[in-house]
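Hello,

Here is the structure I said I would pass on. Please look through it first; my notes follow below.

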Amino acid sequence: MPESPRTDPHPVTGQEFPSPVPPGTGWPGDPADGDTPVARTPAQVARLARTARSVDDLDALVTVCRACPRLVDWRESVATTGRRASFADQPYWGRPAAGFGPAGAPVLVVGLAPAANGANRTGRMFTGDRSGDWIYAALHRAGFATQATSDHAGDGLELRGLRIVSAVRCAPPQNKPTTQEKATCAPWLHRELELAEPTLRSILALGLIGWDATLRTVREMGWTVPRPKPRFGHGAEAELRTPRGRAVRLVGSYHVSQQNTFTGKLTEAMLDEVLASL
Ligand code: SF4
């Protein structure tokens with residue numbers, strides 16, 4: 001008889017899950033189910049992204065994507081044999097991270113990618129790691145988050161008026177996706193921005209990769225982008241224009257990575273100032 005897969009209890013609900021978590025099995029906030037179509041190639045990502053009629057559809061499709069073989073291997077190997085010792089007895093999501101926050105939010109935050117032991121474990125953007133401690137505390141101070149901490153999906157946190165997505169939806173080794181992986185994942189961000197556009201006021205790009213991915217995507221969508229290309233920096237701003245002539249502000253912030261927050265390159269005051277400007 002085949003051995004049943006190892007399961008571990010979810011830290012909030014106590015429900016047992018194998019890792020990676022099968023879609024539709026009860027993980028808090030899992031937008032997919034066993035019938036959600038799976039993208040296995042770049043062409044399928046592009047085609048399925050176009051079919052998403054809503055943010056809920058898009059979230060479901062994203063979280064079952066398997067189009068980047070290296071990233072699928074990495075996210076699943078971290079989830080099984082490569083767990084951080086302090087989380088060894090927890091189930092790992094081991095799938096791409098959906099956007100987090102309400103549809104129709106006037107502010108969109110574009111980060112780089114999930115962290116291997118953060119969102120790749122908890123299933124929610126910036127949740128369960130030091131970057132998340134930073135950003136959600138700041139979002140709470142700015143009135144965008146209902147609580148200052150974000151430990152795990154199912155902890156009650158909600159966002160108001162702001163949604164967080166990333167340029168690449170799977171955790172990459174060394175936090176470095178390849179050019180090909182960024183290109184393969186781009187249609188998910190493209191559709192995200194199309195769905196967000198009617199109500200969008202500002203985009204906050206966390207780091208250069210989020211900044212460049214946003215500019216590339218809105219150009220593809222026919223938005224007007226200033227020339228020469230706006231340069232990324234903390235507090236940098238550019239006015240983008242949608243094809244309907246509506247202005248959307250792009251604002252840059254240093255990424256909330258430990259490399260920036262531990263060294264003081266990014267301080268709480270700097271992040272608060274940027275969030276207050278959105
Ligand atoms: S990085 Fe993006 S395109 Fe690649 S497997 Fe993950 S979700 Fe799919």
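Among contacts in the protein between residues at least 6 apart in sequence, what percentage join residues at least 24 apart? The figure is 65%. Please keep in mind that this is a predicted model.

Overall build

The protein holds nine helices and seven strands. Its radius of gyration is 18 Å, close to the 19 Å that the globule rule gives for 278 residues, so the protein is as compact as a globular protein of that length. Taken along the principal axes, the box filled by the C-alpha atoms is roughly 65 × 40 × 30 Å. Of the 278 residues, 49% are buried.

Five strands form an open sheet with mixed pairing, and their order is 4-3-5-7-6. Strand 4 (162-166) and strand 6 (237-241) are the edge strands, each pairing on one side only. On average, and with direction ignored, neighbouring strands of this sheet are turned by 25° against each other.

One pairing in the protein can be followed in detail. Strand 3, residues 107-111, runs parallel to strand 5, residues 202-206, and four bridges join the two. Val109 is the residue that stands opposite Leu204 of strand 5.

The ligand

Around the ligand there are 15 residues, and those that come nearest are Cys65, Cys68, Arg169, Cys170 and Cys185. The largest share is that of helix 6, with three residues. By type, the shell has eleven nonpolar residues, three charged ones and one polar one.

A residue in a loop

Thr263 lies in the loop that runs between helix 8 (258-262) and helix 9 (268-276). Is Thr263 buried or exposed? Thr263 has 9 C-beta neighbours inside 10 Å, so Thr263 counts as exposed. Ala167 is 96 residues away from Thr263 along the chain, and 24 Å separate the C-alpha atoms of the two.

If you open the model yourself, the shell around the ligand is one place to begin, with Cys65, Cys68, Arg169, Cys170 and Cys185 as the residues that come nearest. The sheet can be followed next, strand by strand, in the order 4-3-5-7-6.

Best regards

Technical notes. Residues are numbered from 1 along each chain as its sequence is written. This is a predicted model: local features need pLDDT of at least 70, side-chain atom pairs count only at pLDDT 80 or more; totals for chains, interfaces and linings use all residues. A residue is near a molecule or strand if its C-beta atom, placed from the backbone, lies within 6 Å of it. Ala, Val, Leu, Ile, Met, Phe, Trp, Tyr, Cys and Pro count as nonpolar, Asp, Glu, Lys and Arg as charged, and the others, Gly among them, as polar. The radius of gyration is taken over C-alpha atoms; the globule rule is 2.2 Å times the number of residues to the power 0.38. A residue is buried if 20 or more other C-beta atoms lie within 10 Å of its own, exposed if 12 or fewer, and partly exposed in between; C-beta atoms are placed from the backbone. Two residues are in contact if their C-beta atoms, placed from the backbone, lie within 7 Å. Two strands pair if DSSP finds at least two bridges between them. Axes are lines fitted to C-alpha atoms, for helices over the stretch in contact, and angles run from 0 to 180 degrees between N-to-C directions.
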